[in-house]
Amino acid sequence: MTDTMSSSNDHSVRLPVVIQIVGYKNSGKTTLIGALLQHWSTQGKRIAVIKHDAHEFDMDHAGTDTYAHTQSGAAAIAISSATRTAIIEQQPSSLEQLIARFAVGYDLILVEGFKQAHYPKIVIVADQEGISLPAELSHVKWVYNRYDSFISSNLKEITFIDAKKDGIITIIHELENYIEAQGEHQK
């Protein structure tokens, strides 16, 4: 599930494959990612997920020490326990910066959103509005059709998967084949 990169000391570092899951609001992106996570986590895979939010979000809340630190002017805070770590920065991060943070220690990076980024994509089509999306984006490898209508397309190099007929098993199979092929290219 990883690419390879040489470091300055000539030790080979395996970089995780990055796959985007895109679609319009309520198309099923989070549901699909959840199913993929459940499948791969049972195999012992470490998967990182990066989510784009088009709106402002709050990860922290009043009454916590970290919230008090932020309110007092901290530009970044980190909290760590025996089982998890969270870092909140008061600045935007590009997708490339976020991917770089997960470059070591993970088998795969799933990206929800960031439609215009140039990574291999699964486009989820859940309604009439989504039908045109695959033709509007770059690097589309798969269309996961949740819409009741058949999507006809002359888009080459794209695998169309009927979510109702083929379901999650087919998309998992497609992704695993792709990830394996990427590993072969890095040897």
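**Pockets, cores and confidence**

Modeller: Let me begin with the second largest pocket, which has a volume of about 410 Å³, counted as the space filled by probe spheres set on joined grid points. A pocket here is an open set of points on a 1 Å grid over the protein atoms alone, where a 1.4 Å probe fits, with protein on both sides within 12 Å along at least five of seven lines, and lining residues have an atom within 4 Å of a point. This is a predicted model, in which local features need pLDDT of at least 70 and side-chain atom pairs count only at pLDDT 80 or more, while totals for chains, interfaces and linings use all residues. Residues are numbered from 1 along each chain as its sequence is written, and side-chain values use heavy atoms, without hydrogens or water.

Colleague: Which residues lie nearest the centre of that second pocket?

Modeller: Lys25, Lys29, Lys51, His52 and Glu112 do, out of 18 lining residues. By class, this lining has three nonpolar, nine polar and six charged residues, where Asp, Glu, Lys and Arg count as charged. Helix H1 gives the most to it, with three residues; helices (H or I, at least four residues) and strands (E, at least two) are DSSP runs.

Colleague: And what about the largest pocket, how much space lies in it?

Modeller: About 1500 Å³, with 32 lining residues, of which Phe57, Met59, Ile87, Ile88 and Leu98 lie nearest the centre.

Colleague: Switching topic, how many residues are in the largest nonpolar core?

Modeller: The largest core has 21, and Ile19, Ile122 and Ile171 have the most contacts inside it; a core joins buried nonpolar residues (Ala, Val, Leu, Ile, Met, Phe, Trp, Tyr and Cys) through side-chain atoms within 4.5 Å. Strand E2 (12–22), H1 (29–41), E6, strand E7 (121–125), strand E8 (140–145) and helix H5 (167–185) each give two or more residues to this core, and H5 gives the most, with five.

Colleague: What is Ile122 in contact with, leaving aside its neighbours within four places in sequence?

Modeller: Its partners (heavy atoms within 4.5 Å) include Ile19, Leu32, Trp142, Tyr144, Ile171 and Leu175. A second, separate core of 10 residues includes Val18, Ile109, Phe114 and Tyr119.

Colleague: Phe114 again, then: is it buried or exposed?

Modeller: Phe114 is buried, with a relative accessible area of 19%, given that buried means under 20%, exposed over 50% and partly exposed in between (1.4 Å probe, protein chains only). Phe114 sits in the loop between E6 and E7 and has a positive phi of about 55 degrees although it is not a glycine. Most residues other than glycine have a negative phi. His139, in the loop between helix H4 (133–136) and E8, also has a positive phi, of about 60 degrees, but at 42% relative accessibility it counts as partly exposed.

Colleague: Last one: where is confidence lowest?

Modeller: In strand E1 (residues 2–6), at a mean pLDDT of 49, whereas strand E6 (residues 108–112) is highest at 97; pLDDT is the predictor's confidence in each residue, from 0 to 100. Over residues 4–8 the value is below 50, and beyond near neighbours in sequence this stretch has 11 contacts in the model. Where pLDDT is low, the predicted coordinates should not be read in detail. The chain as a whole has a mean of 87, with 88% of its residues at 70 or more.
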